[in-house]
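Dear colleague,

Please find below the structure that I am handing over to you. My notes on it follow directly after.

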Amino acid sequence: MKKILFIFTTLLIFNCKGESQNKNSKETFKVTKTEAEWKARLTDIEFYVLRQAGTERAFSSALNKNKEEGTYVCKGCNTPLFESQHKFNSGTGWPSFDREIKGNVAFSTDYKIGYARTEEHCAICGGHLGHVFNDGPRDTTGKRHCINGAALKFIPQE
């Protein structure tokens with residue numbers, strides 16, 4: 001019985017993935033590019049995160065410690081995604097926000113690691129951003145948008 005359960009769990013983990021980058025997905029986006037165009041526009045890590053739903057190493061993004069006022073935009077298409085006043089230090093190693101800019105972030109279900117998570121992607125270009133969890137600040141929204149810094153560009157407030 002243990003072998004059957006192990007095999008089933010292994011198959012589940014390695015056969016499930018996020019839907020936002022699924023080539024067979026029917027979702028269309030306002031900004032579209034070929035894979036070659038994305039590769040020419042993005043660095044290797046940006047392409048891996050945004051177009052292949054990858055995750056950067058924890059604590060590797062300079063944006064994690066950024067405390068300046070401004071807006072975080074999509075690295076792929078410059079769509080405003082998060083405001084600095086909603087950023088907080090979650091201690092996880094990735095930039096975290098308690099809310100998104102409504103309408104600019106889309107959500108789907110991701111089973112990539114074997115259980116359901118809420119994946120976030122840019123609503124304009126479909127780029128993978130990260131995931132949202134229900135363990136954020138209780139005094140605001142209770143949400144933690146755990147976002148890859150490689151998916152973001154910071155625009156300082158003027």
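A residue is called buried when its relative accessible area is under 20%. The model is a predicted one, and the remarks below should be read accordingly.

Cysteines. The structure contains zero disulfides. Cys74 takes part in none, and the cysteine sulfur nearest to its own, that of Cys125, lies 3.6 Å away. Cys74 has a relative accessible area of 0% and is therefore buried. For Cys77, the closest cysteine sulfur belongs to Cys122, at 3.6 Å.

Helix 3. This helix spans residues 44-52, and its buried residues are Glu46, Phe47, Val49, Leu50 and Arg51. Just after helix 3 comes Ala53, which adopts a positive phi of about 55°.

Gly93. This glycine is located in the loop that runs between strand 3 (87-88) and strand 4 (96-97). Is Gly93 buried or exposed? Its relative accessible area is 2%, so Gly93 is buried. Leaving aside residues up to four places away in sequence, Gly93 touches Ala58, Phe59 and Asn64. Ala58 is 35 residues from Gly93 along the chain, and their C-alpha atoms are separated by 4.5 Å.

With kind regards

Note on methods. Residues are numbered from 1 along each chain as its sequence is written. This is a predicted model: local features need pLDDT of at least 70, side-chain atom pairs count only at pLDDT 80 or more; totals for chains, interfaces and linings use all residues. Side-chain values use heavy atoms; hydrogens and water are left out. A disulfide is a pair of cysteine sulfur atoms within 2.5 Å. Buried means under 20% relative accessible area, exposed over 50%, partly exposed in between (1.4 Å probe, protein chains only). Helices (H or I, at least four residues) and strands (E, at least two) are DSSP runs, numbered from the N terminus. Contact means heavy atoms within 4.5 Å.
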